Amino acid sequence: MRRLAPPPRLVGRGTMYLMALLIALWILIPIYLITMAAFSPKDVIYSWPKSLMPQSFSLETLLFFLNAYGVLASVRNSVIVALLTLALSLVVGAPAGYALARFIFRGKDVYRLMILSTRAFPIVILSIPLAVAFIRWNLYDTVISVALVHTAMALPTTILVTSSVFIGVSKELEEAAMVLGCNRLQAFTKVALPLALPGLAASAIFTFVLSWNEVFAATILTLYNRTLPAHLFVQLAASPLPFRFAGGFFILVPAIVFMFFVRRYLFNLWGITLK
Amino acid sequence: MRRRVLLVLTATLLLGLLAACATPTPQVIKETVVVTKEVPVEVTKIVEVTKVVEKEVMVTPTPVDYGKVAFISTQCVPVEEAEKMRGVILKDFPGEVEFIPADYATFEDTVMAEVKAGKGKISVIGALHGQFPTLVAAGALQDLSHLVDMAKERGTPDAFIELGKYGTDKQYFIPWMQATYILAANKKALDYLPEGADPENLTWEQFRDWAKNIYEATGDKKLGFPVNGLLHRFLEGYIYPSYTGGMVTTFKTSEAVEMWKFIKDMWQYVHPESMSYEFMQEPLLSEEVWLAWDHTARLINAFKERPDDFLALPAPSGPKGKGFMPVVVGLAMPVTAPNQKGGEALIEYLTRPEVQITTLREVGFFPMIKVDYPGYVAKGIRLQGEAVSKQAAAPDAIPAMLPVGLGPRSGEINKIYRDAFTRIVINNEDIETVLKEEAEKLQTLMNETGAPCWPPDPPSKGACQVK
């Protein structure tokens, strides 16, 4: 704190609050405008000059949008894909992260680099081969296929984040547990894992959000079973304004609600404590 | 606390696994279909009634059910249009049609992937004339020659059927519907029409003067263009052919220079919000603009909602004639189509006269076949239809096709025209320099794709050359 606020302290703090306010407005104003427009009737959205205050309240576009074909199904698909991705990437990623944190082995740095390098392949060039492979394996157009690709995309972050989480859990504690009679596995499950849980939860959140927002793979790998972003991406790109606002509002709200529930763990990951 | 976190985590894991196991796809679709049928307020009731009738018909000895037909389309993508496709246009088809709207890139990748894998889910494809060549070249499409007789009997013009052959002896698509771009005018603007001008047969100069008169009388810029929408079609298919007689070959001729001077001059009276317009029906309805040029499907709500307030007008003419762009949408079937009979039946169904009229009424695309507009077609749509016919039948008409033969790079040609527009009209750069630089890019694109000229440019051997 002291480092951030040099001598002319009042000015410094004032500027900091001002910046914070600007950043907050930068994010909140679009959210406000989208929300207002989503709850406005069509003619208000088209009217000119436009007003910054809500003119009248209407659920017309939102309801049309909600009832439009495929929206609810795609929400359910999105949730399933996100949860599957979360589960798969933790099951595969957490042990890898633990290994990176605890053991010294030959080629460790290369291994770490290789994990990151998988992110260097743009999914765009992989799209057709991936789709072809999935069709041949009968996985095409299933939520599992999307979850698999999302897991592949999320793994690098999951592994690196969990490894730093496990580094934060003192090795001595595990050793002490083993001295007191635990075997290796028990020491991990009874001591290291509980201590690492908040961090793991945080990394799970990243995975969830990544999967929730991912459009490209989801669009290419599905036909009937679209996820919400894929469904919106296709339909809203060519839709009139009121539906875009409704769609924007619809994809915004779950993310915000989710953030409210999990921010404690996010702060935890960043080392800020929320009292 | 920790225990609770652990609990939550295991619960999510379990839920995830459970959810994964419990995804019976066919059920999923059935459920959602029920949802759609509750959507449109008035239409739903009709749907339910017809359903009952259908069930009675099923009892008769010849039940026709073509089963599930997956229909991917780059047209009718907007939410409202897709809902109309599912809820109204396709509802009487004897089978279950899965209408899958897709953008061009996704559509092409999906079909290509299915064809490469040797099996797929898609049975019918609906796309623009200019969106098929890559698939034709890849051998992804079936020969539909056996459906041509049916299309001809229903009155599809030979010229359109010929388009579906791509210069081969095979029929790759059956013409489905058409659209074009026209002018829409608020009747309030008529008071400011330049003297001696016929609104149904304007020149581009008169059109500009019209906007100028409005500006001088009211102080408002009431002319609008969808700069954030399909402006490139205005440049490629309307103003370029009208002024230069060509699209690609005449890109940097002296006539083109004059044309850009004219656009810059006209732009003084264009509403500044034009930069953000995608669909002109919205600013027309809010009366932010009085005059606009756009795609018929993007103007249709204005004519539907207030048919007495708006005029549908053919595009103006230039020194070389009346450039206009007909948009042809075709139906094709991939070689991997899993439901051959259902697919062919769907093509037959969509080209029926009564279905074509419904398509026009619901989504604003015009019939490909000869139809008599019945009384129940809304007045606004009839207005549009008349403007479309007048535009196409004008003695000085210069039809300009959407770019053909550029394959996956067809977006790049649009960018060249749009860039030229931004640099000349918005950034005020020197016209000749910009045209010279952009013409080089255009030539490179033509050389690299080897695309021969398409109308209105005269046919060429080898890649189209910019003069």
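Two strands pair if DSSP finds at least two bridges between them. Helices (H or I, at least four residues) and strands (E, at least two) are DSSP runs, numbered from the N terminus. In these views of a predicted model, local features need pLDDT of at least 70 and side-chain atom pairs count only at pLDDT 80 or more, while totals for chains, interfaces and linings use all residues. Residues are numbered from 1 along each chain as its sequence is written, and chains are lettered from A and ligands numbered from 1 in the order in which they are written.

**View 1. Here is an open sheet of six strands in chain B.**
Let's start with one pair of residues: B:F71 stands opposite B:F99 in β2(B). Strand β1 (residues 68-73) of chain B runs parallel to β2(B), and six bridges join the two. Across the sheet, the order is β2-β1-β3-β10-β4-β11, with mixed pairing. At the edges you will find β2 (96-101) and β11 (366-367) of chain B, each pairing on one side only. Strands of a sheet pair through backbone hydrogen bonds, either parallel or antiparallel.

**View 2**
Two residues are in contact if their C-beta atoms, placed from the backbone, lie within 7 Å.

**View 3. Strand β5 (residues 181-186) of chain B is mostly covered.**
How many of its six residues are buried? Six of the six are, where buried means that 20 or more other C-beta atoms, placed from the backbone, lie within 10 Å of the residue's own. B:Y181, B:L183 and B:A185 point one way from β5(B), while B:I182, B:A184 and B:N186 point the other way. In a regular strand the side chains alternate between the two faces of the sheet. Five bridges join β5(B) to the antiparallel strand β7 (residues 291-295) of chain B, and B:L183 stands opposite B:W293 in β7(B). Strand β8 (residues 310-313) of chain B also runs antiparallel to β5(B), with four bridges; there, B:A312 is the bridge partner of B:A184.

**View 4. Two helices of chain B, α10 and α17, pack together.**
Helix α10 (residues 231-244) and helix α17 (residues 410-426) of chain B meet at an angle of about 95 degrees, their axes 9 Å apart. That makes α10(B) roughly perpendicular to α17(B), a label for angles of 65 to 115 degrees. Which residues of α10(B) make the contact? They are B:L231, B:H232, B:L235 and B:E236, facing B:N414, B:Y417, B:R418 and B:F421 of α17(B). By class, the contact has four nonpolar, two polar and two charged residues. Ala, Val, Leu, Ile, Met, Phe, Trp, Tyr, Cys and Pro count as nonpolar, Asp, Glu, Lys and Arg as charged, and the others, Gly among them, as polar.

**View 5. Domain 1 and domain 2 of chain B touch each other.**
Domain bounds come from an automatic or database domain assignment, which gives domain 1 (64-179 + 327-377) and domain 2 (181-325 + 384-449) of chain B. Their C-alpha centres lie 29 Å apart. Here 13 residues of domain 1 are in contact with 14 residues of domain 2. On the domain 1 side, eight are nonpolar, four polar and one charged.

Conventions:
Axes fitted to C-alpha atoms, helices over the stretch in contact; angles between N-to-C directions. Parallel < 35°, antiparallel > 145°, perpendicular 65-115°, else oblique. Buried ≥ 20, exposed ≤ 12 C-beta atoms within 10 Å, placed from the backbone.
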